[in-house]
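Please open the model in your viewer and keep the selection panel at hand. The tour below goes from stop to stop, saying at each one what to select and what is there.

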Amino acid sequence: MCAMKPEIIVAGGGISGAATALFLSRLDVNVTILENRPSHSTVRLGRDFDASSKRNACPERTWISSLIGKVSQGSVERYGFASLMVMRSDLHDVLLDEVKKRQLNVVLGAQVQSIEESDDGVLVRWVQDEQPREKKVDLLVGADGIWSTVRPSMYDCLKLSAPKPEYSGLVGIGMLVDVDSVPGISDFLTPDRSCVMIHGRLGFVGMALFDKERKKLGWWTTHEAPDRSREEWKVPKQQALREIRERYSAWAFPIPQLIAAAEASNEELFVWPVFQVRKLEHWHSRRTILIGDAAHAMPPHSGQGASQALEDAGYLAYLLRKQLESAAPSVPGANTLDWTSTLATFLKNRQPRVQRIVDEANRRGGQKKEHSVVGHFIKTWIMRILFFFMSESSGDDWFGYKVPGIDEW
């Protein structure tokens, strides 16, 4: 395939896809976003409470029956900027607004069905309005999430079998409630303690203030639950809250009060079964690259899903920009570019960092599973010791990281 401008398709209009397309729109390339959803609306469900897309605005405190410790979430003095908690859906809205403002080419209701690679490009096939479509481009970016359709298609090109999402045994449930609906919560959640996490034998409950006016708070629980079918996971709100009340009825303030506020609220409750995909050895083929949850499904326990998606987008765009800038000006066209080498560099430099965060997320997820009395006692004291010796520098790998080339945009 030969064109004056490289043609790139980004499959998926979520955070990683929208951010990648926005970065690429600053380069001399043509970008098309294929988005499976029929509209630009964001999904305001479980991941809104993913504690991290978001850099928390204050120390995160962990409780069991008493305060175990606090975890620094970054500071102006150490990192040069104040941390901020942002809802994932709000971040997505900002990206989509910018996509619309820049008038990027977005095809809605389009899901990749298969791909076919050759030496001069990749033929992308998708369904749109129940009609088959296809286009040959220079590069396909698979940013279509944990249930990616690009992933198995790319692995087919590699003549390998792609790992499938598997239920982790944990489910997240939670919602937003009015601060005024939980008597006494204003003294428990304060500007200096805006995020609290409570561990117990039967699960975990987190809560955080979600706006500057301190009018809304989000709470969420993670605990073990048997797998269900897709339809069975659509649990009615009152049934889910009844199950939560049975699990946490003996817990101290403010857990029963939060559940009562949820029962009286008209806000939507989310039920989010946590799925995972085992480590992918391959993130790319000759002309296709996976990023975000399509490449490394990030368990929500680290709160790093959106953060790593943004890092992927920035670094991939940086490498592509370097490749375009180094291409021989006397030989224009996409065929002069070494796509595979660039994708291999992306994998080599991103995978170790991402895997460290995935491993830490899985470790934290294990802490939220049910424990015996003895197991809970041991976990409590291990956490106390870790928090006692934890220094502010422990967050450097997460909060102090700077994507290569990010200052050059």
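Throughout this tour, contact means heavy atoms within 4.5 Å, and helices (H or I, at least four residues) and strands (E, at least two) are DSSP runs numbered from the N terminus. This is a predicted model, in which local features need pLDDT of at least 70 and side-chain atom pairs count only at pLDDT 80 or more, whereas totals for chains, interfaces and linings use all residues. Residues are numbered from 1 along each chain as its sequence is written, and side-chain values use heavy atoms, with hydrogens and water left out.

**The whole chain**

Begin with everything shown: the protein has 11 helices and 15 strands. Of its 409 residues, 53% are buried, where buried means under 20% relative accessible area, exposed over 50% and partly exposed in between (1.4 Å probe, protein chains only). Among the contacts with a separation of 6 or more, 73% are between residues 24 or more positions apart.

**Helix 1 against helix 8**

Select helix 1 (residues 15-24) together with helix 8 (residues 305-326). Their axes are 8 Å apart and the helices pack at an angle of about 25 degrees; axes here are lines fitted to C-alpha atoms, for helices over the stretch in contact, and angles run from 0 to 180 degrees between N-to-C directions. Helix 1 and helix 8 are therefore roughly parallel to each other, on a scale where angles under 35 degrees count as roughly parallel, over 145 as roughly antiparallel, 65 to 115 as roughly perpendicular and the rest as oblique. The residues that meet include Ile15, Ala19, Phe23 and Leu24 in helix 1 and Ala306, Leu310, Ala313, Ala317 and Leu320 in helix 8.

**The nonpolar cores**

Which residues have the most contacts inside the largest nonpolar core? They are Leu24, Val124 and Ile289, in a core of 70 residues, a nonpolar core being a set of buried Ala, Val, Leu, Ile, Met, Phe, Trp, Tyr and Cys residues joined through side-chain atoms within 4.5 Å. Helix 8 gives the most to this core, with 9 residues. Centre the view on leucine 24 and, setting aside residues up to four places away in sequence, you will find that it touches Ile8, Val10, Val29, Val31, Ala317 and Leu320. A second, separate core has 32 residues, including Ile173, Met175, Val179 and Trp219.

Now select the open sheet of 5 strands, which has the order 5-2-1-9-15 with parallel pairing; two strands pair if DSSP finds at least two bridges between them. At its edges are strand 5 (105-108) and strand 15 (288-290), each pairing on one side only. Neighbouring strands of this sheet are turned by 20 degrees against each other on average, direction ignored.

Starting from strand 5, note the 4 bridges to strand 2 (residues 30-35), where glutamate 35 stands opposite leucine 108. Further along, strand 1 and strand 9 are joined by 4 bridges, and alanine 11 has glycine 142 in strand 9 as its bridge partner. Strand 9 also pairs with strand 15 over 3 bridges, with valine 141 opposite isoleucine 289. Show the side chains of strand 9: Leu139 and Val141 point one way, Leu140 and Gly142 the other, and all are buried.

**Helix 4 and cysteine 157**

Helix 4 (residues 150-157) lies across strand 1 (7-11), strand 9 (139-142) and strand 15, running at about 135 degrees to strand 15. Within helix 4, select cysteine 157, which counts as partly exposed because its relative accessibility is 28%. Its contacts, leaving aside neighbours within four places in sequence, are with Ile115 and Glu117.

Last, select the open sheet of 3 strands, with the order 6-7-8 and antiparallel pairing. Its edge strands are strand 6 (110-118) and strand 8 (131-137). Strand 7 (residues 121-128) is joined to strand 8 by 7 bridges, and arginine 125 has glutamate 134 in strand 8 as its bridge partner.
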